[in-house]
Amino acid sequence: MDGDFGTEFGDDAADQGLQFHPAAAITPDQGMGSEAYDNLWIVENDRVWDLGPADLDTDADGLADSLTRTGPAGMTVYTDTDQDGQVDLITEVNRDGGYRTSRLDPGSGQWTATDSGRLE
Ligand SMILES: [Ca+2]
Ligand SMILES: [Ca+2]
């Protein structure tokens, strides 16, 4: 696992915007499967995207649950709130201070905007 993920999202990612790579190791059918899988992943339509390992502990429980991506428009925080590996909370923070939060409904698989506003 060393170096296979994460390094792709170095400084270049900021120039190219957010670019995710299809996750070859997992599929929706396999779910979390047979082996430990530390990376966060997200389902978009019928595809699973591997975001790399979580590197941020947003709720201070000692387990990394989030990772951030910086793009031209600002920063996006991907959070797995229930520790199953699947991202279920996304917070987008724009460079102008506006933010928007979306939460995944596990039943429908739909994202719902839950909050928005401005950081002052
Ligand atoms: Ca945590
Ligand atoms: Ca989750």
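Let's start with contacts along the chain: among those between residues at least 6 apart in sequence, 29% join residues at least 24 apart. Two residues are in contact here if their C-beta atoms, placed from the backbone, lie within 7 Å. This is a predicted model, in which local features need pLDDT of at least 70 and side-chain atom pairs count only at pLDDT 80 or more, while totals for chains, interfaces and linings use all residues. Residues are numbered from 1 along each chain as its sequence is written, with chains lettered from A and ligands numbered from 1 in the order in which they are written.

How confident is the predictor? pLDDT is its confidence in each residue, from 0 to 100. The chain averages 79, and 69% of the residues score at least 70. Over residues 6-16 the pLDDT is below 50, and that stretch has nine contacts in the model beyond near neighbours in sequence. Residues 32-36 also have a pLDDT below 50, with four such contacts.

Now for the elements. The chain has one helix and eight strands, and from the N terminus on they run α-β-β-β-β-β-β-β-β. Helices (H or I, at least four residues) and strands (E, at least two) are DSSP runs, numbered from the N terminus.

Let's look at the sheet next. Five strands form an open sheet in the order E4-E5-E6-E7-E8, with antiparallel pairing. Which strands stand at the edges? They are E4 and E8 (111-118), each with a single partner strand, so one side of each is left without a neighbour in the sheet. On average, neighbouring strands of this sheet are turned by 15° against each other, direction ignored; the axes behind that are lines fitted to C-alpha atoms, for helices over the stretch in contact, and angles run from 0 to 180 degrees between N-to-C directions.

When I say that two strands pair, I mean that DSSP finds at least two bridges between them. In general, strands of a sheet pair through backbone hydrogen bonds, either parallel or antiparallel.

We can walk across from the E4 side. E4 and E5 (residues 74-79) run antiparallel and are joined by six bridges, and a hairpin links them through two residues. On this pair, Ser66 stands opposite Thr79 in E5. E5 then pairs with E6 (residues 89-94), again antiparallel and over six bridges, with Met75 opposite Val93 in E6. Further along, seven bridges join E7 (residues 98-104) to E8, which run antiparallel; here the bridge partner of Tyr99 in E8 is Gly117.

Please turn to E2 and E3 now. These two pair in the antiparallel sense over six bridges, and Leu40 stands opposite Gly52 in E3. They form a hairpin with two residues between them. Asn45, in the loop between E2 and E3, has a phi near 55°, a positive value in a residue other than glycine. In general, most residues other than glycine have a negative phi.

Is Asn45 buried or exposed? A residue is buried if 20 or more other C-beta atoms lie within 10 Å of its own, exposed if 12 or fewer, and partly exposed in between, with C-beta atoms placed from the backbone. Asn45 is exposed because 6 other C-beta atoms lie within 10 Å.

There is another positive phi to point out, at Ala60: about 60°, although Ala60 is not a glycine. Ala60 is found in the loop between E3 and E4, and counts as exposed, with 7 C-beta neighbours inside 10 Å. Asp59 lies in that loop too, and is exposed, with 10 other C-beta atoms within 10 Å. The C-alpha atoms of Asp59 and Thr81 are separated by 8.9 Å, though these residues are 22 apart along the chain.

Finally, the inside. Of the 120 residues of the chain, 14% count as buried. Which residues make up the largest nonpolar core? There are nine in all: Leu40, Trp41, Ile42, Val48, Leu51, Ala54, Leu67, Tyr78 and Val87. A nonpolar core is a set of buried Ala, Val, Leu, Ile, Met, Phe, Trp, Tyr and Cys residues joined through C-beta atoms within 7 Å. Strands E2 (39-44) and E3 (47-53) each supply at least two residues of this core, and the largest share, three residues, comes from E2. Leaving aside its neighbours within four places in sequence, Leu67 is in contact with several residues, including Leu40, Leu51, Ala54 and Tyr78.

Conventions. pLDDT = per-residue confidence, 0-100.
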